Amino acid sequence: MATGALLGSLWMVGLTLPPYLLSQAIDRGLQRRDPAALAAWVAVLFAVGAVNALLAILRHRTMTKIRLDGGFRTVRAVIAHATRLGAALPRRIGAGEIVTIGIADVWVLAQALTVTGPGLGAVIAYVVVAVLLLEISPLLAVVVLAGVPVLAVVVGPMLGRLQRAGARYRERQGALADRLVDIIGGLRVLNGLGGKDGYACRYRHESRAVAEVGYRVGAVTSWIQALGVGLPAIFLAVVIWLAARMAARGDITVGELVAVWGYAAVLVVPVAFFIEGGFDISRALVAGRRVIDFLRLPVDPPPRGQGPDGPAVLRDPDSGVVVIPGRLVALATARPADAAAVVDRLGRYGPTAVTWGGTRVDGLAVRDRILVADNEAYLFTGALGEVVAGRSEPDDAAVARALAAAAACDIVDGLPDGTASVIDTQGRNLSGGQRQRVRLARALYADPEILLAVEPTSAVDAHTEAAIAERLPAARAGRATLVATTSPAMLDRADIVHYVVGGRLAATGTHRALLDTEPGYRALVTRAAGEAALPEAALPEAARR
């Protein structure tokens, strides 16, 4: 930025030299009919023009570097803070707001940084022109010096109005982006429920409201930009008119008249930069507040410990759910939100009082030991083997075992290159059930000390679900596993079933014991799968009779 300011200042001061050199060529060459003097001054004029062209190129390159560097620095800062926020991010700010910050605000800020180069140069050039005009005519110098205060009086209030309108527009824009992200993320659900048209109508209504605010911003912007062109032109006309009258009276020479015209023309550049810079800064103040508000979102305190040295019980006092080492625990609840809340607390996603071996997990680094396997977890593009391996190095044998445990061997068989076949982002070239099994295989490949799986079989058919239920205990032997599910096949394979009602533990036991003793649990399981789908051994005694 210092280099840009230096180059910008040299360039703008260089713009003031050609009018002076041209006036000398006229007064000392043309007026005196001295070809040698005329040629010398023209040669100097040409050299100054060439140097100034080079300065302009260097200034522009430097300003471009400043803009790109500033933009990417801000992007990195936003991404770094988003990473620090981790699982707390979705609770603190909407996805649409993040997108708007990343694709709009950071580049508005970056553009404002380029004001430093031409901005400082404009001030220096303005002073230099005023001094040069003072030597020709004090009156002209006073008129020039009065130009900037007039511009400030006329344009200044508009810049303040632009900030206020821009802040309202930016707030509405972020909310609308949030709405769009929600619609896109839930498009399949909306299609299934028939709510797509309703959401589309609501989006159109909110979009029109944002457009109305945008028109107000555009109105102010158009006036500022019009004045940025018009005021310097009027300013130039006034100075030329005064200089022409003075030349007609003989107060200044013809060469000085040409110089005054050149100085006034040169002043259009810094005056335009003043207005443009004010416009850029006004917009950047709005964008900057949004970025700063995001960077000020509080980060959860860093973990202070690593947890117990060996296997230990994971206990959620809010619900009463307990995950026991070496056991397959099932969590059955009528409301998916209750199961998600329990798993979030157990996995330390958000505020939690969960203890692990008697120590609260909110002060522990648990990410490498406790894995939450969400059935909507993101799938990155890459070869199937790499997708299953996740952040680990792919091991063909381990990948094959994980896929087999997730009953996903048919996926491998159906792909042209097996585990080397490329999976699209979010598994778009796979079906819903296939994506779910790939996610489960990835969780099994990671082999965490504690696995918390949320509805890992909700999108697969009954045959595949039964295969997964049969293979999961062997794949997780010796490890603690909790599966949030209402699948009878999975529940029947669990060592322990926790039945949760209203967010609290209502009963604990085996699947078959709960079917006999808990009417609510029996109703939940039969409603989830239908009594006809239940194996006879899984039915309550009364139903078997």
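The side chains of Arg-249 and Asp-251 meet in a salt bridge, with N and O 3.1 Å apart, where a salt bridge is a side-chain nitrogen of Lys or Arg within 4 Å of a carboxyl oxygen of Asp or Glu. Arg-249 is exposed, with a relative accessible area of 53%, whereas Asp-251, at 45%, is partly exposed; buried means under 20% relative accessible area, exposed over 50%, and partly exposed in between, computed with a 1.4 Å probe and protein chains only. This is a predicted model, in which local features need pLDDT of at least 70 and side-chain atom pairs count only at pLDDT 80 or more, while totals for chains, interfaces and linings use all residues. Residues are numbered from 1 along each chain as its sequence is written, and side-chain values use heavy atoms, with hydrogens and water left out.

The whole structure holds 13 salt bridges. In one of them, Asp-368 meets Arg-391 at 2.5 Å, N to O. Asp-368 lies in the loop between strand 5 (359-360) and strand 6 (370-373) and Arg-391 in the loop between helix 11 (384-389) and helix 12 (396-405), so this pair ties together parts that are 23 residues apart in sequence; helices (H or I, at least four residues) and strands (E, at least two) are DSSP runs, numbered from the N terminus. Both Asp-368 and Arg-391 are exposed.

A further salt bridge joins Asp-447 to Arg-479, whose closest N and O atoms are 3.3 Å apart. Because Asp-447 sits in the loop between helix 14 (432-446) and strand 9 (450-454), and Arg-479 in the loop between helix 15 (462-475) and strand 10 (480-484), the pair ties together parts that are 32 residues apart in sequence. Asp-447 is partly exposed at 36% relative accessibility, and Arg-479 is partly exposed at 30%. Elsewhere, salt bridges that share partners link Asp-316, Asp-318 and Arg-345 into one network.

Turning to a helix, Val-127 lies in helix 5 (residues 116-136) and, at 46% relative accessibility, counts as partly exposed.
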